[in-house]
Amino acid sequence: MSATPRDRADRQVPRVRGNDYRVLRPPEDYTPRLRVSVVIPAYGAQDKLDLVLQGLARQTYPAELTEVIVVDNGSSPPLRVPEGSAARLVVCERPGRAAARNAGLAAADGDVIHWLDSDVVLTPGALAAHMRWHHAAPYLSVTGYIRFTSAELPDELPDDLEAAFEPAEPHAWLVGLVERTDGLTNNPVRPFSLHVGGATSASRLLIEAAGPMDEELILGQDTEMGYRLAQAGAVFVPEPAARAYHLGPTMRMRHQKRIDRVSHAFVADRIPTYQWLRGHPGRQWKVPQVTAVVSGTAGYEAVRASVDALLASTVADLSVVVTGPWDTLDRDRRAPLKDPNLDLVLVHGHYEHEGRVRLATAEEVDPSTPFVLRLPAGWLPGEDSVARLLRLMRNEGLGLVRVLLEETADGVAEARLERVSSFARARLVARPGEPLDDAVDDVSGVRWVTGEEYAFSAAPAEGLPEVVGRRAAYKARVRAEAEVARLTEEADRLRGQVDKWREEAGKWRKSAVELRREVGTLRRELHAAQRRQPAAPTTLTGRVKRVIRRRVLDRLPANGRQPSQDTAQQPEPKAGEQQGSS
């Protein structure tokens, strides 16, 4: 049977931080003491089931600690347990592998539940390799390595499985996941993806906390249950020594795209970690990403300010639980303005029909919700406050972020963002009398931040604050787009102006070259004239000035030309002067 809380208190439970199970170091030679129940859902294929049961009969783990349960899920003809097998046969008429597994789970009494498909043959040491880890800690989920064989099925299971079933293909997706994440030890985002039903075992303690398989799902039950095991505090361990052969290809290998299309339509509602499946920006899901808890007894205005600010958050995948004595409210209100519970009545009436708000007499948070935010009434998170806290928690792998809102003589006001899986594991490992936050710090980490840093503010003393929310983000985006359009238009105009001035500068450079050439010619003429007639320089200098002035005026716009005073009053040279200057 599973260990009791007192059993766990008597021996110190090892603490795994994140998913780094390497601290456990289970010995190869251990004394078995835990009982394992192997649950095999089956539908037809008696020949494969016979080989699977023969493989279980050869396990090195003690037979007296091994229970094998075969669940016939409506086979025709009915399945049978071979003579001499220690397996028990359970019949489940409700179709579906999840229903069959739950029927086997209900009949099992082991400390560890080992899921095994009816076409997976374990190598002799596989169960012992699983159980070695379960003896090291009571909150593990261990998965073996499966190889897919296309060899012809033998009538009897051979002694040398490798010779009979190789060459075989590895479980490429599982091997790739393990290799990419250093054996799942570097805190991958979704270690629960390792929970595949073909050859996975889990502590019964975890399964009882997580609950049975979801029979409403058509496909994806293994992954969804793995997620709930993670929420219950599980650590996921890949064990290469726990080897098995899958007799033939799986349905996923044959129809992966079609299977993903079906399973994704359902698991998106149940696994918030699969954010890429939740592409809609505003719809509600069965399991929200965050649930905020607010006390409804702090006064109507304070409660409404906090709840409305939460609903306006940029994190739309959020629900709110407002706690209060709602069952005590009197529906027959003859003098409502004199009702001593008027504020409770107002809170109840204001949120009774809001889909994302639940009015509860006690804290009720779906255990599948990954994050819980506890917010004192009267404090307002900014539009992006929750999103920023979530980013901090994910980036650093934290289990708790404590937000310091205010320090007074009466104490400290704080908001708390909690990772549900970290608190679940902390409860499993906490010593008697140990503060739970200390255990959370050991298994995940705790951070303090200030409310000012994360845009938390107090509600106004009177009235209600203006709620902007995602509408403000939309308006900001529209303004930003308009500003981008304006700046783009201005940049185009300036580029045109630059091109115009470049063209004008080219003209001026050309004129300067021509002017330098003409001035050079005139200087040569001046030099020649000076040698012939000493009186000519004054006349030639005036001519040079007139040529330069004319050249400049020719380059100016027509409306910008203003004849200079010297030019207007300068008399035309006489014929003799013109002849003398030539």
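1. The model is a predicted one, in which local features need pLDDT of at least 70 and side-chain atom pairs count only at pLDDT 80 or more, while totals for chains, interfaces and linings use all residues. Residues are numbered from 1 along each chain as its sequence is written, and side-chain values use heavy atoms, with hydrogens and water left out.

2. The residues that line the largest cavity are G55, R58, L122, P124, L157, D159 and L161, and the space inside is about 30 Å³. On a 1 Å grid over the protein atoms alone, a cavity is a set of points where a 1.4 Å probe fits but cannot get out, a pocket is an open set with protein on both sides within 12 Å along at least five of seven lines, and lining residues have an atom within 4 Å of a point. Grid points are joined across faces, edges and corners, and a volume is the space filled by probe spheres set on the points.

3. The second largest pocket holds about 770 Å³ of space. Of its 30 lining residues, P188, V189, P191, R419 and S421 are the closest to the centre, and the elements giving two or more residues to this lining are α8 (221–231), α13 (385–396) and α14 (420–429). Helices (H or I, at least four residues) and strands (E, at least two) are DSSP runs, numbered from the N terminus. By class, this lining divides into 13 nonpolar, 11 polar and six charged residues.

4. An open sheet of seven strands runs in the order β12-β11-β10-β13-β16-β15-β17, with mixed pairing, two strands being paired if DSSP finds at least two bridges between them. Its edge strands, β12 (357–360) and β17 (446–450), each pair on one side only. Within the sheet, β13 (residues 371–374) and β16 (residues 411–419) pair in the antiparallel sense over four bridges, and F371 stands opposite R419 in β16.

5. Helix α4 (residues 126–134) is mostly covered, with nine of its nine residues buried, that is, under 20% relative accessible area with a 1.4 Å probe and protein chains only. Among them are H130, R132, W133 and H134.

Definitions and conventions: Nonpolar A, V, L, I, M, F, W, Y, C, P; charged D, E, K, R; others polar. Buried < 20%, exposed > 50% of the residue type's maximum accessible area, 1.4 Å probe, protein only.
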